[in-house]
Amino acid sequence: MPDSIDFVFILEIIGTIAFAASGAMVAIQKDLDLLGIIVLGVTTAVGGGMIRDVILGIHPPVLFIKPVYVIVAILSIIILFLLVKFNHSTISLLHSPFYENALNLLDATGLGVFTVVGVNAARGTYGEYMFLKLFLGVITGVGGGILRDIMANETPAVLKKHVYACASIAGAVSYVFLSSLLSVDAAMIISIFLVVAIRLLARHYMWNLPHAL
């Protein structure tokens, strides 16, 4: 059990860095100041987990009890900020395909990590509630991105972008199914890669759900 807990913590840190960077990149592209970049990046990184904790009745949410996630997010954001601030060649990248590809990869990584972490949060006390586990996985994965997009005055990606929520749902279902067949760590890794693969393939092949118009 300690090994699994340590593994989950490592995944959470990876997801935090990925989502913090994606939120910061959106804020930089929107030309926000340093405080705005930090707020948007941190919100993206910990927003989904905060929503999950509120649903589970964890008060105050874990991010206030264990500020390590916020600290890691802020450090990641500041590093990215300094990189852009003092390396002006990176500014042109914010309006290039590289920016979109990097943002998509970071977003996909954070989505995959937090989807399985969200499902994992319900495995103990609420393990028999299948819908709750899946919902927690998806809301943990997409929650931070929804808050980021709303604060950036954009339509949330989960409502329009290349099967975004569907990738999270697939990862959550995969983890629930595989965790009964494989070790928790193996089920997590496979499910994360599934989410990332779906997101990258969806962007490459422009997969979308049908629209009414």
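Helix α5 passes helix α7 in a right-handed crossing in this predicted model. The axes of α5 (residues 97-121) and α7 (residues 164-178) come within 9 Å. They cross at roughly 40°. On the α5 side, the contact is made by Asp107, Leu111, Thr115, Val116, Val119 and Asn120. On the α7 side, Tyr164, Ala167, Ser168, Gly171, Ala172, Tyr175 and Val176 take part. By class, eight of the contact residues are nonpolar, four are polar and one is charged.

Helix α7 also packs against α8. Here the axes come within 8 Å and cross at roughly 160°. That angle makes α7 roughly antiparallel to α8, because the cut-off for this class is over 145 degrees. The crossing of α7 and α8 is right-handed. Helix α7 contributes Tyr164, Ala167, Ala170, Gly171, Ser174, Tyr175 and Leu178 to the contact. Helix α8 contributes Val184, Ala187, Met188, Ile190, Ser191, Leu194, Val195, Ile198 and Arg199. The contact divides into twelve nonpolar, three polar and one charged residues. Tyr164, Ala167, Gly171 and Tyr175 of α7 are listed in the contact with α5 and in the contact with α8.

Residues up to four places away in sequence aside, serine 174 touches Ser191 and Leu194. Both of these partners are listed on the α8 side of the helix contact.

The largest nonpolar core has 39 residues. Within this core, Ile37, Val42, Val46, Ile77 and Leu111 have the most contacts. Two or more residues each come from α1 (2-29), α2 (34-55), α4 (68-86), α5, α6 (130-151), α7 and α8 (184-205). Helix α1 supplies the largest share, nine residues. Leu111 is also one of the α5 residues in the contact with α7. Isoleucine 77 illustrates the packing. Beyond its neighbours within four places in sequence, isoleucine 77 is in contact with Ala20, Ala24, Ile37, Ile38, Gly41 and Val42.

A cis peptide bond joins histidine 59 and proline 60, with omega at about -10°. Proline 60 is placed in the loop between α2 and α3 (62-65). Asparagine 153 has phi near 60°, a positive value in a residue other than glycine. This asparagine sits in the loop between α6 and α7. Its relative accessible area is 71%, so asparagine 153 is exposed. Methionine 206 likewise has a positive phi, near 55°, and is a residue other than glycine. Methionine 206 is found in the segment after α8. At 53% relative accessibility, methionine 206 counts as exposed, because exposed means over 50%.

How values were computed:
Residues are numbered from 1 along each chain as its sequence is written. This is a predicted model: local features need pLDDT of at least 70, side-chain atom pairs count only at pLDDT 80 or more; totals for chains, interfaces and linings use all residues. Side-chain values use heavy atoms; hydrogens and water are left out. Axes are lines fitted to C-alpha atoms, for helices over the stretch in contact, and angles run from 0 to 180 degrees between N-to-C directions. Helices (H or I, at least four residues) and strands (E, at least two) are DSSP runs, numbered from the N terminus. A crossing is left-handed if the near helix is turned anticlockwise from the far one by less than a right angle, and right-handed if clockwise. Contact means heavy atoms within 4.5 Å. Ala, Val, Leu, Ile, Met, Phe, Trp, Tyr, Cys and Pro count as nonpolar, Asp, Glu, Lys and Arg as charged, and the others, Gly among them, as polar. A nonpolar core is a set of buried Ala, Val, Leu, Ile, Met, Phe, Trp, Tyr and Cys residues joined through side-chain atoms within 4.5 Å. Buried means under 20% relative accessible area, exposed over 50%, partly exposed in between (1.4 Å probe, protein chains only). Angles under 35 degrees count as roughly parallel, over 145 as roughly antiparallel, 65 to 115 as roughly perpendicular and the rest as oblique.
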